[in-house]
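Work through the exercises below with the sequence and the coordinates at hand, and try each task before reading its solution.

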Amino acid sequence: MSVDDVLELLQRRMTDGSFIRATISRPRLKSNEVKRIKLKPLDLKGSYHVQFEYQHERILKHENIALEDVAQPLQQALENYKQFHIDLTNETMQIQISKKMKVSIKRIFLDTEKTVDYAHNRVKNYALHEGTPYPFLVRLGVQTPEGKVKNQKHDKFRQINRFVELINDTLSHLPKDRPIRILDFGSGKSYLTFALYHYLRIEKGLDIRVTGLDLKKEVIEECQEIARDLQYDQLEFLVGDINEYDGDTAVDMVVTLHACDVATDMALAKAVNWGASVILSVPCCQHELFSQLQSPALDVMLQHGLVKERFAALATDSIRAELLTLAGYEAQLVEFIDMEHTPKNILIRAYRNDKQPNAEQIARYTAFRTMLQAKPFLEKELKPLLGFLPADDSIV
């Protein structure tokens, strides 16, 4: 078998769908910066590609190549490396290529045929693509200048993309005939604030004005500097408290991520009073209901501190969603990121629809509140809008 035969064999097995993976190693020249190349098939939007993973001394680089274009990089690999390990559905091949380009091959045929797991190899169709450098992600330390996501930042990159997906879902609810006003309460290091701005302003070309608000002065100053350097002219950051902010009388979208305890309720109340079309909120540290819970029917659960804490958090978010529904919103609790990464993974998503609640909805909420002996802070904040709720003397 010649080198050309090996090339033809690899292309044929890729074409017939039996190719699972390959590892190319032992470069001929010690000066070769790429020490190893790994190959695997990819499903990119229904099109067959082969991913070439180039392993340098300390970094990895990826290139996804359409099947019809793999001949040239494969040919280069055959010329520059001595060893190929190839896994196919029905056999394993070990190929050695000598200094004089003589080929030796060892083949082990399998008793049970394997399958190619395209579901595992399918590339997530992210809004922000790995390998494409985004200036805000580079400045925030998520990507290298070449666009590679840093090893310790893959979860953050995934979270950012999930947030962008949620932002994309809101587009039909935002005004199209005027500038869009957006507030982010508790913006912190502002990974998601920058992502929101980039996606809506840079990629979608919308006329927006975004304000990030946080109590940490040094964090705000750093975000201001990044926004200036990137020339994000319609993005500003201010030091301030959620409850005391009065810089606007009307807002189109309110975002609040990980505002602690009733600070989330303050932000939700602000959003409702402004008549915001869109509310996105990821709550944090829901302590309020924990100390209020008194329900003998739930004692089997509430006797366990851990279970009580989690139940209180879920009940708090359920109450918040129900109150938003009663206040004229279509409210949903959706998963933000997977449970394996953090238990704080529920996002409250609400779209204004101005629907008046019916008697059944009011009764359902009131019964739930009464059963738990709950005195929700958000209900108190929204009391002027929710005058139809039965009176609770404990809520003033």
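**Exercise 1: the faces of a helix**

The face of α11 turned away from its buried side carries the exposed residues Ala359, Glu360 and Arg364. The model is a predicted one, in which local features need pLDDT of at least 70 and side-chain atom pairs count only at pLDDT 80 or more, while totals for chains, interfaces and linings use all residues. Residues are numbered from 1 along each chain as its sequence is written, and side-chain values use heavy atoms, with hydrogens and water left out.

Task: determine which residues of α11 are buried and what covers them.

Solution. Begin with the terms: helices (H or I, at least four residues) and strands (E, at least two) are DSSP runs numbered from the N terminus, and a residue is buried under 20% relative accessible area, exposed over 50% and partly exposed in between, with a 1.4 Å probe and protein chains only. By this criterion Ile362, Tyr365, Thr366, Arg369 and Leu372 of α11 are buried. Seen down the axis of α11, these buried residues fall within an arc of 135 degrees, so they line one face of the helix; the arc is taken from the directions from the helix axis to the C-beta atoms. Their cover includes α10 (305–326) and α12 (377–381), where contact means heavy atoms within 4.5 Å.

**Exercise 2: the length and ends of α11**

Task: check the span of α11 against expectation, and state what caps its N-terminal end.

Solution. The expected span of a helix is 1.5 Å times one less than its number of residues. For the 14 residues of α11 (residues 359–372) this gives 20 Å, and the end C-alpha atoms are 20 Å apart, which agrees. At the N-terminal end the cap is asparagine 358, with a side-chain oxygen 3.1 Å from the backbone nitrogen of glutamate 360. After α11 comes glutamine 373, whose phi is positive, near 60 degrees.

**Exercise 3: salt bridges between parts of the chain**

Solution. A salt bridge is a side-chain nitrogen of Lys or Arg within 4 Å of a carboxyl oxygen of Asp or Glu, and the structure holds 17 of them.

1. The arginine lies in the loop between α5 (154–169) and β8 (180–185) and the aspartate in the loop between β10 (235–239) and β11 (253–260), so the pair ties together parts that are 74 residues apart in sequence. Arginine 178 is partly exposed at 42% relative accessibility, whereas aspartate 252 is buried at 5%.
2. Aspartate 265 is buried at 2%, and arginine 320 is buried with a relative accessible area of 2%.
3. Arginine 364 lies in helix α11 and glutamate 322 in helix α10, so the pair ties together parts that are 42 residues apart in sequence. Arginine 364 is exposed at 51%, while glutamate 322 is buried at 16%.

**Exercise 4: the surroundings of a histidine**

Task: locate histidine 198 and list its contacts beyond its neighbours within four places in sequence.

Solution. Histidine 198 lies in helix α6 (residues 191–203) and, at 5% relative accessibility, counts as buried. With those neighbours left aside, histidine 198 is in contact with Leu128, Tyr134, Phe136, Glu203 and Tyr232.

Note on methods: A polar contact is a pair of N or O atoms within 3.5 Å; within protein, one must be able to donate a hydrogen and the other to accept it, and residues adjacent in sequence count only if both atoms are side-chain atoms.
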